[in-house]
Amino acid sequence: MPSVSDLSAGVAFVGGSYVPIAEAAIPITDWGFLRSDATYDVVTVWEGAFFRLDAHLERFMRSCERFRLDPGLTIAQITEVLTECVRKSGLRNSYVEMIVTRGQPPWGSRDPRQAVNRFYAFAVPFVWIANEAQRERGLHLKVSEVQRIPASSVDPKAKNYHWNDLTMGLLGALDAGADTVVLGDAAGNVVEGPGFNVFCVQGGTIVTPKDGVLEGISRRTVIEIAETLGMPVELRALPAEELRRADEAFLSTSGGGVLPVTRVDGRVLGGGVPGAVTQRLLQTYWDWHRDPAYSRPIDYGR
Ligand code: PLP
């Protein structure tokens, strides 16, 4: 167990101060906690450099606007806070989260316009959403019976904590012996899973759902890599049955990049090993982490 003051376990920015992650706390009356009334984003640090920080900050600001939340800081100030969390932790590989909550309106008021929004951030050790063995053999995915909350109710393009559907779907998948889950829409198309976008490959064409999803930065990276490598990509509705019968499938996420899938609802894809297209995208995804166009080194010296 790391000690409470062990900064390598993580550093948070709360109420304007930097604190060890184990000491970070929010007021119990914050609507972020009481109502999941918040937005957030997650950027990663790999080998001492942020990956696509600008894209994450842009998306974060758009999410804030969509949910009428005000971070109260400029992009430059947020960059400084995130950098400081990582710098103080000393972590070379880190999962860095920024959050704005509704806060709380004056006591007795239920008017969200009167709430004072709050900004929080933290850096913790890098989070993989699949372990090493799963990454090597490919994930076993279940298509859930739980429907993803419709986009007309909660805009999936704005990153949010409406995770009950994802969590219940994941529990069902784990109970059924799968590693993780993908949820669908009312029409039987798959959309996304807990913390990732989904792709399949059929006859050399890469397909990913167009609507009803968070436009993941890793999803965007995969699409850009595919375009660079001259691989055809289609953004459209992806029926669950098409995913089950695909040559290859994979997930994209800041929590580990391109994660191969080798089984969908018990059906083995591509001989049960990560496919060639998936492997090529995976390799290039990590190569791009060394490209100065996408990586922003952190100065740990200060
Ligand atoms: N979809 C959902 C619901 C997510 O929560 C996430 C990431 O947390 C993603 C997709 C993938 O987004 P990104 O590639 O930006 O990590």
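Hi everyone, thanks for coming. Before we start, please keep in mind that what you see is a predicted model.

Let's begin with the overall layout. Where they touch, domain 1 contributes 18 residues and domain 2 contributes 19.

How much area do domain 1 and domain 2 bury between them? The figure is about 1,800 Å², and 58% of that is on carbon and sulfur atoms. On the domain 1 side, the residues that lose the most area to domain 2 are Y40, R52 and R59, which together make up 36% of what that side buries.

Now for the polar side of this interface. Two salt bridges cross between the domains. Let me point you to R66 and D155, which form a salt bridge with their closest N and O atoms 2.7 Å apart. There are also eight residue pairs in polar contact across the interface of domain 1 and domain 2.

Which elements give two or more residues to the domain 1 side of the contact? They are strand β3 (38-46), helix α2 (53-66) and strand β5 (94-104). Of these, β3 brings the largest share, with seven residues. Sorted by class, that side of domain 1 has eight nonpolar, five polar and five charged residues.

You'll find N197 in strand β11, which covers residues 196-202. Is N197 buried or exposed? N197 counts as buried because its relative accessibility is 5%, and the cut-off for buried is under 20%. Its side chain reaches the backbone nitrogen of G216 at 3.3 Å. Beyond its neighbours within four places in sequence, N197 is in contact with several residues, among them E192, V213, R219, F250 and S252.

My last stop is G255. Where does G255 lie? Look in the loop between β15 (248-253) and β16 (257-264). G255 is also buried, with a relative accessible area of 4%. Setting aside neighbours within four places in sequence, G255 is in contact with F126, V127, W128 and I129.

Notes
Residues are numbered from 1 along each chain as its sequence is written. This is a predicted model: local features need pLDDT of at least 70, side-chain atom pairs count only at pLDDT 80 or more; totals for chains, interfaces and linings use all residues. Side-chain values use heavy atoms; hydrogens and water are left out. Contact means heavy atoms within 4.5 Å. Buried area is the accessible area (1.4 Å probe) that two parts lose on being put together, summed over both. A salt bridge is a side-chain nitrogen of Lys or Arg within 4 Å of a carboxyl oxygen of Asp or Glu. A polar contact is a pair of N or O atoms within 3.5 Å; within protein, one must be able to donate a hydrogen and the other to accept it, and residues adjacent in sequence count only if both atoms are side-chain atoms. Helices (H or I, at least four residues) and strands (E, at least two) are DSSP runs, numbered from the N terminus. Ala, Val, Leu, Ile, Met, Phe, Trp, Tyr, Cys and Pro count as nonpolar, Asp, Glu, Lys and Arg as charged, and the others, Gly among them, as polar. Buried means under 20% relative accessible area, exposed over 50%, partly exposed in between (1.4 Å probe, protein chains only).
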